Amino acid sequence: MSEIKRLDAESEALIRQREFAQKAKKLLAGRYDHPPLAYVHTFGCQQNVSDGEKIKGMLAEIGYGSADSPETADLVIYNTCAVRENAEDRVFGNVGALKPVKQKRRGMIIGLCGCMVQQQNIAEKIKQSYPYVDLVFGTHALYTLPELLYHRLSGQKRQFSTGDSPGEIVEGLPLRRDGEIKANLPVMYGCNNFCTYCIVPYVRGRERSRHPEDVLAEARQLVQMGYREITLLGQNVNSYGHTLEEQIDFSDLLREINHIDGDFILRFMTSHPKDCTHKLIDTIAACDKVCNHIHLPVQSGSNRVLDLMNRHYTVEEYLELISYARRTIPDVTFSSDIIVGFPGETREDFEQTVELVKKVGYTTLYTFIYSPRTGTKAALMDDPIPEAEKSRWLRELLDVQSAIREEQQGHFVGRTLRVLADGTGRSGEGWLSGRTVSNDIVEFQGPPDAIGRFVEVKIERALNWALFGK
Ligand code: SAH
Ligand code: SF4
Ligand code: F3S
């Protein structure tokens, strides 16, 4: 409950960080023969992207401009993800490639932060094997970047801050948002669900919700700034409010944001099926700005595997939600995450997943081969199926999904859809790109000044990856 610490711009801890930012700025002034430049790259989920925007905000305050590549940067920060082994391999590959770059650039500083380095074994590996990495800070130390950077700039030893913590809520950090049309808005941090395969609860701390006033103030500001799409973020937005004293749940929050005057749409992720209620589905139906698309990760179509995963719902309960949503929200669509090859998963379990995917008919499916994560329960389970077999299963599932998608896309031809134009298209001169409220990609011919607006597009042709129209 109220023992969750909330820091804001007026709190001592953040005032201190702003002082460090000013001191770092002074040190930087004479350090290079050019204005200092930073390159920040974020791996992983939208939550991490949102953290990346805070990092860029803090760096702007310290006086860094932004570099287009590590080769032209004086400070490189990789904001890392630990969710699967290949995510970590990619980071190590990128960090390895920085060694020769740093040798050529006088005074260059390298920082690693985020989920991956919150794991003590990884932090230790970097300490031992990557001596040219200057700053290592975990998810809980994000806001202390000015302090760590100041110490390193002033000639102190390499800075490590990866201590474990249940986590706090930090409001009022400076922000540099990546886009001008779409914005991320975290409503909660951390996760308490401990799905047996997942590292997130270990690296992100306990679940904690932002105060509704803080969320609403940020939402109002985004609308005022002209953002057209706001995505509410949390590892499980459906448990929003559980850590707050006031009686408020995610449906209530959605309603309040939906009330804000303005021309914008609302998305949210991720919805855990175990906490997805009829109230939430009714709310989506009742709120005109909330998209009729739900990302509802099922992970597996086998009750036996769902139980091993500690997901707390059955296939039957999941399908009941889908069917209620279909009855309640006009034209609702769904997307999902699926893990293939969970420890002990059999061919039969996998076939049940394929069945479920066919039954629901997702518009998008994010599929992953199970990756063991040190410290999780699943990493200790027996895992007899060879990787090659799991890869075959994955390809099979992708083929099934691809056929489903092709059929779905065909149904759109001849219809007129509301699309948020968000950039230039891939199809050449005069083409723009956008997303429907159900998050389908549309390419269409239109004037460049349509970008950032909602437009009506008549669909004339459909391919697997996009719809095409005028
Ligand atoms: N909080 C979200 C998911 C966050 S992680 C939820 O509960 O749905 C995003 C996705 O990565 C998960 O949905 C899962 O499908 C996948 N994932 C997580 N850990 C994994 C692992 N160890 N191996 C493979 N995929 C994993
Ligand atoms: Fe991981 Fe499960 Fe939490 Fe999602 S709900 S972040 S999959 S532990
Ligand atoms: Fe996100 Fe990866 Fe961390 S998925 S929460 S950045 S482990």
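## Ligand 1

In this predicted model, a polar backbone atom of Tyr197 lies 3.0 Å from a nitrogen atom of ligand 1. Two further backbone approaches involve nitrogen of this ligand: a backbone N or O atom of Gln235 is 2.8 Å from a nitrogen atom of ligand 1, and a polar backbone atom of Ser371 is 2.7 Å from one.

## Ligand 2

The shell of ligand 2 includes a run of residues from the part of the chain that holds Tyr197: Cys191, Asn193, Phe194, Cys195, Tyr197, Cys198, Val200 and Pro201 are among them. Gln235, His272 and Arg311 also belong to the shell. By class, seven of these residues are nonpolar, three are polar and one is charged.

## Ligand 3

Around ligand 3 stand Cys45, Asn48, Cys81, Ala82, Val83, Cys115, Arg204 and Gln235. The classes in this shell are five nonpolar, two polar and one charged.

The whole structure contains 29 salt bridges.

## Backbone geometry

Most residues other than glycine have a negative phi, and most peptide bonds are trans. Phe194, which is not a glycine, has a positive phi of about 50 degrees.

The peptide bond between Met269 and Thr270 is cis, with omega about 5 degrees. Thr270 is placed in the loop between β13 (265-269) and α9 (278-286).

## Domains and the interface of domains 2 and 4

The domain assignment divides the protein chain into domain 1 (5-168), domain 2 (179-291), domain 3 (293-410) and domain 4 (416-469). The C-alpha centres of domain 2 and domain 4 are 27 Å apart. Contact between these two involves nine residues of domain 2 and 12 residues of domain 4. About 800 Å² is buried between domain 2 and domain 4, with carbon and sulfur atoms giving 61% of this area. On the domain 2 side, Ile181, Arg228 and Arg267 account for 52% of the area buried against domain 4, more than any other three residues.

Two salt bridges cross the interface of domain 2 and domain 4. Lys182 and Asp422 form a salt bridge in which the closest N and O atoms are 2.8 Å apart. The side of domain 2 that touches domain 4 has four nonpolar, no polar and five charged residues. Between domain 2 and domain 4, five residue pairs are in polar contact.

Notes
Residues numbered from 1 in each chain as written. Chains lettered and ligands numbered in written order. Predicted model: local features only at pLDDT ≥ 70, side-chain atom pairs only at ≥ 80, totals over all residues. Heavy atoms only, no water. Near = heavy atom within 4 Å. Nonpolar A, V, L, I, M, F, W, Y, C, P; charged D, E, K, R; others polar. Domains from an automatic or database assignment. Contact = heavy atoms within 4.5 Å. Buried area = accessible area lost by both parts, 1.4 Å probe. Salt bridge = Lys/Arg side-chain N within 4 Å of Asp/Glu carboxyl O. Polar contact = N/O pair within 3.5 Å; in protein donor to acceptor, adjacent residues only side chain to side chain. Helix = DSSP H or I, 4+ residues; strand = E, 2+ residues; numbered from the N terminus.
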